[in-house]
Amino acid sequence: MGMTQFVLKRLALMVITLLGLSVVVFFVSRVAPGDPAKLAAGPDATEEMVEVIRKEFGLEKPLIIQYWIYMKGLIRGDFGRSIRTRHLVWEDLKRFMPATFELVLVSISFSILFGIFFGVLSAVYRDRWVDHVIRFFTITGVAVPMFWLGIMLQLLFSAKFHLFPLGGRLDTMILPPPSWTHFLLIDSLLAGDWKAFGNGIHHIFLPAFVLSFPALASITRINRAEMLEVLNKDFILNEKAQGISERLIIFKYALKNALIPTLSMIGLRYGWMLGGTVLVETVFNWPGVGNYAVGAAVYSDFQPVMAVTIILGLNFMVANLLVDIGYGFLDPRIRYE
């Protein structure tokens with residue numbers, strides 16, 4: 001099977017997976033405790049007012065009919081309206097998604113860069129003090145909950161030493177740059193607004209570090225293990241015997257072979273990061289879709305919750321597809337089936 005056929009097959013599977021995801025999330029959100037119509041109407045609303053809201057959003061219809069109506073709208077790109085705010089969900093997502101994806105992209109870039117570096121360093125200096133320090137760090141990264149780490153860092157670096165802000169994306173006294181890409185850091189660079197860029201880096205550092213910490217630890221561990229295995233292969237020993245420099249062997253031959261399993265971990269951790277934004281954005285008051293989904297879930301506002309779940313699920317599947325395609329560039333022997 002060629003690359004084109006493989007991609008088409010995976011896209012078809014993605015459609016089926018998204019359909020299944022929509023079914024699960026839709027029915028779970030409808031059977032969850034709490035009446036969204038009553039919550040939207042308020043505590044002082046009469047039954048007549050609640051019934052008006054229920055009819056307005058079609059909540060009085062059978063679940064199968066509600067799902068059919070929702071899917072017809074979803075095919076047209078209509079995610080419905082929020083019961084709580086009455087805003088179009090897609091308009092809210094366009095406002096909140098860039099902040100989340102900027103946070104995730106900074107975090108995954110940090111994880112990949114330092115995870116691969118630490119993995120190589122730990123393998124090369126196996127069983128020395130550098131290796132022990134890195135291994136202790138990776139165990140901590142896997143074991144420590146993100147929300148706890150975020151709160152501790154806020155108490156230490158924000159409340160005690162005042163080195164970083166508690167939350168938010170930009171100081172209130174600094175005007176945001178023109179929104180060309182809706183990514184604050186990129187827009188700041190495009191506008192030449194170095195003050196906004198520096199302030200944006202200042203705000204994103206702690207949440208990005210917290211979000212990247214588990215992924216950084218996992219990437220380091222898997223890359224270390226694969227590097228150790230590759231460094232003991234016969235072709236590596238043969239290159240050493242021929243007098244090829246150790247640095248060239250490590251970074252040109254060993255690392256390329258060790259990156260295939262590491263690439264799988266990167267794809268998985270990207271998906272975990274998308275889900276982890278819910279916790280990190282809540283702790284740091286980051287204006288992204290995770291924070292938006294939590295606010296909607298508190299009021300049983302299922303339309304935003306469904307939209308966020310489907311979009312994050314789609315991104316996770318696309319990321320894994322790109323990882324599978326990337327295997328072919330690292331190892332031309334791989335055949336797609």
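How many aromatic pairs does the structure hold? The structure, which is a predicted model, holds 16 aromatic pairs.

## Aromatic pairs

A pair of aromatic rings is described by the distance of the centres and the angle of the planes. In the pair made by Phe26 and Tyr67, the ring centres are 5.2 Å apart and the planes stand at 70 degrees, so this pair is edge-to-face.

A stacked arrangement is found for Phe96 and Tyr292, whose rings are 4.9 Å apart from centre to centre, with 25 degrees between the planes. Phe96 lies in helix α5 and Tyr292 in helix α12 (residues 289–298), so this pair ties together parts of the chain that are 196 residues apart in sequence. Both Phe96 and Tyr292 are buried. Ring pairs also link Phe110, Phe114, Phe117, Phe118, Phe137, Phe209 and Phe213 into a cluster, while the face of another ring, that of Phe161, has Lys160 lying over it at 5.7 Å from the ring centre.

## Salt bridges

Side chains of opposite charge can pair when their charged atoms come close. The count for this structure comes to 12 salt bridges, and one of them joins Glu51 to Arg54, with the closest N and O atoms 3.1 Å apart. Glu51 and Arg54 both lie in helix α3 (residues 47–56), where they are three residues apart, or about one turn of the helix. Glu51 counts as partly exposed because its relative accessibility is 30%, whereas Arg54, at 15%, counts as buried.

Arg169 and Glu102 form another salt bridge, in which the closest N and O atoms are 2.8 Å apart. This pair links distant parts of the chain, as Arg169 is in the loop between α7 and α8 (184–191) and Glu102 is in helix α5 (residues 89–124), 67 residues apart. Both Arg169 and Glu102 are buried. In the salt bridge between Lys233 and Glu229, the closest N and O atoms are 4.0 Å apart, and the two partners are partly exposed, Lys233 with a relative accessible area of 37% and Glu229 with 44% relative accessibility. Elsewhere, salt bridges that share partners join Arg126, Asp127, Asp131, Arg135 and Arg224 into one network.

## A nonpolar patch on the surface

Which residues form a nonpolar patch on the surface? The patch is formed by Phe147, Trp148, Ile151, Met152, Leu155 and Leu279, which together have about 540 Å² of accessible area. The element that gives the most to this patch is helix α7 (residues 146–160), with five residues. Phe147 has its place in helix α7, and this residue counts as partly exposed because its relative accessibility is 41%.

## A buried threonine

Is Thr138 buried or exposed? Thr138, whose place is in helix α6 (residues 129–143), has a relative accessible area of 4% and is therefore buried, given that buried means under 20% relative accessible area. When residues up to four places away in sequence are not counted, Thr138 touches Ala217, Thr220 and Arg221.

Definitions and conventions: Residues numbered from 1 in each chain as written. Predicted model: local features only at pLDDT ≥ 70, side-chain atom pairs only at ≥ 80, totals over all residues. Heavy atoms only, no water. Patch = residues over 30% accessible without salt bridge, like charges linked within 9 Å, V, L, I, M, F, W, Y side chains within 5 Å. Areas by Shrake-Rupley, 256 points an atom, 1.4 Å probe, with all protein chains shown as cover. Salt bridge = Lys/Arg side-chain N within 4 Å of Asp/Glu carboxyl O. Helix = DSSP H or I, 4+ residues; strand = E, 2+ residues; numbered from the N terminus. Buried < 20%, exposed > 50% of the residue type's maximum accessible area, 1.4 Å probe, protein only. Contact = heavy atoms within 4.5 Å. Phe/Tyr/Trp six-rings, centres within 6.5 Å; stacked < 30°, edge-to-face > 60°. Lys NZ or Arg CZ within 6 Å of the ring centre and 35° of its normal.
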